[in-house]
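Reader: Hi! I'm new to reading protein structures. Could you walk me through this one?

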Amino acid sequence: MRFSIAARVTVAAAAMLAFLLLLLGLSIDVVRQVEAADRQISALTGLLKDQEDTDRAQRALRLAIGEATRSAEDGDAVSDERWRALTAQLQRFRAKSIRSRALLDSAEIGLVREHIDVDQASARDFVAVAARLLTVAQGRPDEVKTVMPDFLRTLRELEARRTATRDVLVREIDVAVQMSIVSSRRSTLRLVVGAIVAVFILIALVLWIRRSVIKPMVEIAKGLRHPGFDRIATACPPFVDRSDEVGDLARGLLEYRLNVGEQEKARRQIDFLAHHDALTGLPNRIVFESRLRQELRRTARTCESVAVFAIDLDDFKAINDRLGHAGGDEALRRAGTLLVECARADDLVARIGGDEFAIIQVAADQPAAAQALLARLFKATDDQTGTLAVRTSIGVAISRGETDVEELYNHADVALYRAKADGRNTARFFDEGMEAETRLRRRLSRDLQGAAQAGEFHICYQPIATCDTLEVIGYEALLRWRHPELGDVTPSIFIPIAESTGSIDSIGRWMASQAFAEAARWRPDLSLSLNLSPVQFRQGDLVDALYALAAQYGVAFDRVQFEVTENVTLLGHQRDAVLASLKQLQDRGAKVVMDDFGTGHASLSNLQAFEFDGLKIDGRFIAAMLDHRSSALIVRAAIGLGKSLGVPVVAECVETQAQFDRLCAWGCTHVQGYLFGRPVSADQLADARR
């Protein structure tokens with residue numbers, strides 16, 4: 001059984017590591033030995049120094065005692081202070097001698113302990129005799145001669161013992177130094193030998209890796225670097241019989257050579273998916289932006305122009321709701337096929353995302369070429385049949401001079417927005433008017449941020465009356481904006497801007513606060529209608545905030561009705577959350593009315609999913625119902641639906657008596673419009689406060 005390269009390298013590395021750990025242990029032992037020798041030498045040196053200090057103290061004491069006793073023998077007066085000083089000096093000498101013993105004990109040196117002990121005994125004898133001599137000299141000077149021989153004897157013995165101790169300390173220091181040198185040399189030799197062995201082991205390991213691993217890998221790498229894969233067939237066979245990793249690599253490369261065709265195909269597929277839409281097979285946004293950048297750079301040097309088509313499918317959400325996601329996918333594929341069939345071979349058709357497509361068209365005769373392509377697109381659209389007939393709105397922008405990618409596509413997107421606003425299933429070219437409109441939208445978006453704080457907003461109130469008695473039952477709060485430079489800006493312009501920028505949240509709460517403050521001054525039988533933007537439902541605390549505002553101003557929540565419109569926000573992934581918020585409003589007493597009923601593509605499904613407290617028919621149907629049969633049928637059907645559901649129906653924008661009479665004949669319950677009252681400021685609502 002042969003070991004793999006990894007196993008052998010692991011074993012060798014483990015052995016090398018163990019050897020290095022052994023060397024590390026030796027090094028640590030050497031350090032400990034050196035430290036121990038240093039401590040011993042330091043202790044011995046300290047004892048020797050202390051002996052020298054004690055000798056100096058002894059000599060000074062001997063001289064001082066000798067001088068004082070001679071003065072006493074000669075009959076000279078010796079002050080008490082001098083005797084006390086000599087006694088204190090003797091005590092200090094005694095303490096210094098004891099400290100030498102303490103140094104010996106703390107150093108734990110046993111070699112000179114006997115000599116130090118003898119020194120201590122001699123020192124004690126000397127101190128005792130010296131103390132007796134001082135006492136005799138101070139009280140009986142004539143007896144000094146009888147004590148002096150003992151004093152001199154103990155002094156000579158002490159000096160002899162200290163000399164012997166110093167000699168022993170010097171010898172011990174010399175022995176300790178020599179032992180430290182010998183030990184260091186021996187340990188250093190062991191470390192050097194170990195390091196040399198480690199180097200030889202490392203060299204052997206490197207040579208083995210070079211012969212068994214690196215050389216075969218180099219041969220195989222040469223085969224890989226060679227163009228094509230034929231060289232692999234000659235580089236790998238010498239190693240395929242090996243049972244280690246090199247053999248596995250050689251066998252794997254040979255298998256790779258056999259499967260290279262499939263791998264290359266997979267690579268091309270991955271590259272395709274990275275630059276194309278998986279559903280339609282069209283180029284994606286990355287390819288679109290890269291191609292547009294290239295064409296703009298190229299046409300800057302030619303007489304050609306680049307046209308960008310921004311394309312959206314009309315009512316794509318309705319297709320998803322009606323036919324499910326499978327139907328939506330099929331609609332996208334059909335739209336992609338239609339666009340490719342209408343475009344020229346050198347035009348680029350791309351799917352940008354969702355239901356958004358784009359076309360890049362380069363031609364010298366712009367905008368004629370773009371108009372021709374639009375004609376082909378709408379003809380193909382009109383020729384469709386079946387349930388999956390797709391319709392499109394298209395915005396076109398043509399390059400003029402130096403234009404960058406983002407600017408040109410944004411222009412096409414602005415034109416697309418205009419096409420959708422003008423009725424869909426149509427096309428619009430970007431022009432200077434749209435550019436001015438774009439600048440205006442940017443300005444309004446910026447100015448909206450501080451409009452409420454600047455006092456530019458005000459609220460008007462339009463009455464809602466019953467059809468049978470024309471009694472006013474409430475007022476709808478309508479937001480108005482008087483721009484300091486642009487004058488009155490209509491809600492149809494600034495509300496969508498506020499929704500797109502997110503400022504509708506703060507504006508909506510400001511409006512609710514102002515309206516509740518005004519409604520608190522009305523008769524309690526009058527209701528207040530507030531419009532809620534679907535964007536506001538993204539706030540998790542919307543219901544709580546509205547309820548708190550009503551309570552703050554003392555307005556009963558059952559006097560308030562909230563009007564909501566149908567759009568994609570109510571029908572998208574947030575649908576359940578929005579309907580839950582509406583239900584919370586109802587649970588707290590408020591009424592919820594569907595505004596602009598009939599304009600959405602899923603009005604009936606919304607009525608099925610949520611029990612609205614009323615319906616409000618869109619004013620465009622009211623305005624056209626006398627002259628347009630379809631509008632009349634829609635209005636009549638909405639009124640009938642309200643009766644069936646048992647909820648009131650409000651017809652808005654009623655401006656003529658003929659419209660009112662027809663609505664009454666059809667059974668409409670409530671009306672609102674200029675015929676009964678225009679929106680007025682809060683100061684003009686005198687009747688509401690009676």
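Author: Happy to; we'll go through a sheet, a pair of helices and some salt bridges. One thing to keep in mind is that this is a predicted model.

Reader: How many bridges join E1 to E3?
Author: There are 8 bridges, and the two strands run antiparallel. As one example, Ser305 has Ala363 in E3 as its bridge partner.

Reader: What about E1 and E4, in which sense do they pair?
Author: In the antiparallel sense, over 7 bridges. Strand E1 covers residues 305-313, and strand E4 covers residues 392-398. If you'd like a spot to look at, find Ala310, which stands opposite Gly395 in E4.

Reader: How many residues lie between E2 and E3 in their hairpin?
Author: There are 2 residues between them, and Gly354 in the turn has a positive phi of about 60°. E2 and E3 pair in the antiparallel sense over 5 bridges. Gly353 has Glu356 in E3 as a bridge partner.

Reader: Nice. Switching to helices: at roughly what angle do the axes of H11 and H12 cross?
Author: They cross at roughly 95°, and the axes come within 10 Å. That makes H11 roughly perpendicular to H12. On the chain, helix H11 is residues 405-421 and helix H12 is residues 432-448.

Reader: Which residues of H11 and H12 meet?
Author: From H11 you have Val414, Ala415, Tyr417 and Arg418, and they meet Met434, Glu437, Thr438 and Arg441 in H12. Sorted by class, this contact has 4 nonpolar, 1 polar and 3 charged residues.

Reader: Okay, salt bridges now! How many does a search of the whole structure find?
Author: It finds 24. Let me show you some of them.

Reader: Which residue does Asp447 meet in a salt bridge?
Author: Arg443, with 3.5 Å from N to O. Asp447 and Arg443 are 4 residues apart in helix H12, which means about one helical turn separates them.

Reader: Is Arg443 buried, exposed or partly exposed, and why?
Author: Partly exposed, because its relative accessibility is 24%, and buried would mean under 20%.

Reader: Where in the chain are Glu476 and Lys616?
Author: First, their side chains meet in a salt bridge at 2.7 Å, N to O. The pair links distant parts of the chain: Glu476 is in strand E7 (residues 472-483) and Lys616 is in strand E12 (residues 614-617), 140 residues apart. Both Glu476 and Lys616 are buried.

Reader: And Arg523 with Asp525, what distance is given from N to O?
Author: That salt bridge is 3.1 Å, N to O. Arg523 has a relative accessible area of 24%, so it is partly exposed. Asp525 is partly exposed too, with 48%.

Reader: Last one: which residues are joined into one network?
Author: Arg291, Glu295, Arg298 and Glu304, through salt bridges that share partners.

Definitions and conventions
Residues are numbered from 1 along each chain as its sequence is written. This is a predicted model: local features need pLDDT of at least 70, side-chain atom pairs count only at pLDDT 80 or more; totals for chains, interfaces and linings use all residues. Side-chain values use heavy atoms; hydrogens and water are left out. Two strands pair if DSSP finds at least two bridges between them. Axes are lines fitted to C-alpha atoms, for helices over the stretch in contact, and angles run from 0 to 180 degrees between N-to-C directions. Angles under 35 degrees count as roughly parallel, over 145 as roughly antiparallel, 65 to 115 as roughly perpendicular and the rest as oblique. Contact means heavy atoms within 4.5 Å. Ala, Val, Leu, Ile, Met, Phe, Trp, Tyr, Cys and Pro count as nonpolar, Asp, Glu, Lys and Arg as charged, and the others, Gly among them, as polar. A salt bridge is a side-chain nitrogen of Lys or Arg within 4 Å of a carboxyl oxygen of Asp or Glu. Buried means under 20% relative accessible area, exposed over 50%, partly exposed in between (1.4 Å probe, protein chains only).
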